[in-house]
Protein chains: 2
Amino acid sequence: MEEKLMLGKTVAEHLTDNIKVKVEDLKSKNINPKLAILKLGSRKEDDAYQRGAISRCEKCGIETEIVELSEQASQEEYIEALDKLNKDNSIHGILCFRPLPKHIDEEVVKYHIAENKDVDCFSPINFAKLMSNDETGFAPCTPMAVIETLKFYKVDLQGKNICVLGRSMVVGKPLSMLLLNEDASVTICHSKTKDLNQISSNADIIVSCMGRAKMIDSSYIGTDSIAVDVGINFDKNGKMCGDINLDDVMDKVSMITPVPRGIGAVTSTILAQNTLKACMQKNNIK
Amino acid sequence: MEEKLMLGKTVAEHLTDNIKVKVEDLKSKNINPKLAILKLGSRKEDDAYQRGAISRCEKCGIETEIVELSEQASQEEYIEALDKLNKDNSIHGILCFRPLPKHIDEEVVKYHIAENKDVDCFSPINFAKLMSNDETGFAPCTPMAVIETLKFYKVDLQGKNICVLGRSMVVGKPLSMLLLNEDASVTICHSKTKDLNQISSNADIIVSCMGRAKMIDSSYIGTDSIAVDVGINFDKNGKMCGDINLDDVMDKVSMITPVPRGIGAVTSTILAQNTLKACMQKNNIK
């Protein structure tokens, strides 16, 4: 069954090779792409992602800088730090770790990040660009990881019926826009959807981003369909799992991304890719 | 069959009554809601819409002002005129007639309209607000006319499977976001969709905004489904018609909006409604 798995590591390595070549070319022109990560205090979940991002950027030849404010930093201090990174010419990409603590209003802060450094689509401007298929914008890393994974495994998206399970601003909605931009027909489902398994089992491809451990069993899956699992959950035994019950659907799908070893392994590479893109745009290099 | 028709006029009159009461209340506080229409030269299509908008605003008690630049006005002159309206405290809503002539770059201009006066969702900020279900934003008039029509005719949207035919930035995409915000499950189809009639005939509600005269016959329609026709086309005889072949689907649908007399008759009322909203927001009135 291993041959049905779409493995994130393979995708990440392929993308990294491409990024590396372009970064080396930039460096030969004395341009050094650099990503800044802005965070408040230290959260366990962030630490793992941070390690992954730094290590991936390193592999790509992209520098990183961590700007860590105290957990008690005020909104003004946060915006000030963000502004400083916006203006810093040595920084090409900015990643703001989220969710932010409650005393900081994300709805205010998101208008402050420079859209041309916004490598994980925090700014409303980049959301609008996603919607209008304006390729100067930056798609958020996780949805873009889904697209790159499907493309790497040569999944044709044009005209395909794709069911997206979940409508969050982090994954479901932006992913739906990206899939539309690839000429897929997209059905967006969510917690209020009726007859979900009937809809999803009619799709050529399903992408689950609901965050419900192993909810998707074979009744949700069409025969020979392709399944992408964006969920990162933990089962009763504390073991990481996706939204999809892999064992139950394995016979039915033609390809599937596992959790772990799936989409999550691609995300940080997209961050590096977006930082490279920001750096190239800034230097008018195509 | 007349009882199956969802008539735009009825919806517009109902909305107008509500707007009028609120406008009168504002006027009693010496606040005069006012809409500005910015246009370049005079196009026949715009003239009809302009007349409709002015007359509807009048019925609502909303003032209007037409700012007409010469057709040859430069992009700088256009932005200057827009800026002037942005800063004019007597103006609460701004409608930019589009499409703009080719020498003016819409992709540049759209960043200049003040988002809090942008009553037809020209600004990317309002697109992003639509996506994040931020109700301080302004939805574009035509998609919002669809929502208000369905609500007026007591069509429950929550959990319904709705097929949107068309993915334009003017109707299809924003409408899909609005329907998602109403807890519908939304399938977005377009010219690249395969087996379109199979998908659309499985939906509880279809909304067509493709701009293809009478393309949608009964094979695209599910029994007892609801059909909304946003298309404004002209048939071989030069007669206005929608995307849907009304005669062919009439027996199958439970309700339908005709063309003319449907959604088109509601749009200008939404413009008035959005202008009222902008005025109330500016004056911190809920």
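Visitor: What is the strand order in the open sheet of chain A?

Guide: This is a predicted model. The open sheet has three strands with parallel pairing. Their order in chain A is β2-β1-β3.

Visitor: Why is one side of β2 and of β3 of chain A left without a neighbour in the sheet?

Guide: β2 (63–69) and β3 (93–96) of chain A stand at the edges of the sheet. One side of each lacks a neighbour because each has a single partner strand.

Visitor: At about what angle does helix α3 of chain A run to β1(A)?

Guide: Helix α3 covers residues 75–87 of chain A. It lies across β1, β2 and β3 of chain A. Its angle to β1(A) is about 175°.

Visitor: Is the crossing of α6(A) and α7(A) left-handed or right-handed?

Guide: The axes of α6 (residues 141–152) and α7 (residues 172–181) of chain A come within 8 Å. They cross at roughly 35°. The crossing of α6(A) past α7(A) is right-handed.

Visitor: How far apart are the end C-alpha atoms of residues 7–120 of chain A?

Guide: An unreviewed UniProt entry lists these residues as "domain: Tetrahydrofolate dehydrogenase/cyclohydrolase catalytic". The span is 48% helix and 16% strand. Its end C-alpha atoms lie apart by 22 Å.

Note on methods:
Residues numbered from 1 in each chain as written. Chains lettered and ligands numbered in written order. Predicted model: local features only at pLDDT ≥ 70, side-chain atom pairs only at ≥ 80, totals over all residues. Heavy atoms only, no water. Axes fitted to C-alpha atoms, helices over the stretch in contact; angles between N-to-C directions. Helix = DSSP H or I, 4+ residues; strand = E, 2+ residues; numbered from the N terminus. Left-handed = near helix turned anticlockwise from the far one by under 90°. UniProt positions renumbered as here; feature names shortened; annotations may be inferred. Pairing = 2+ DSSP bridges. Contact = heavy atoms within 4.5 Å.
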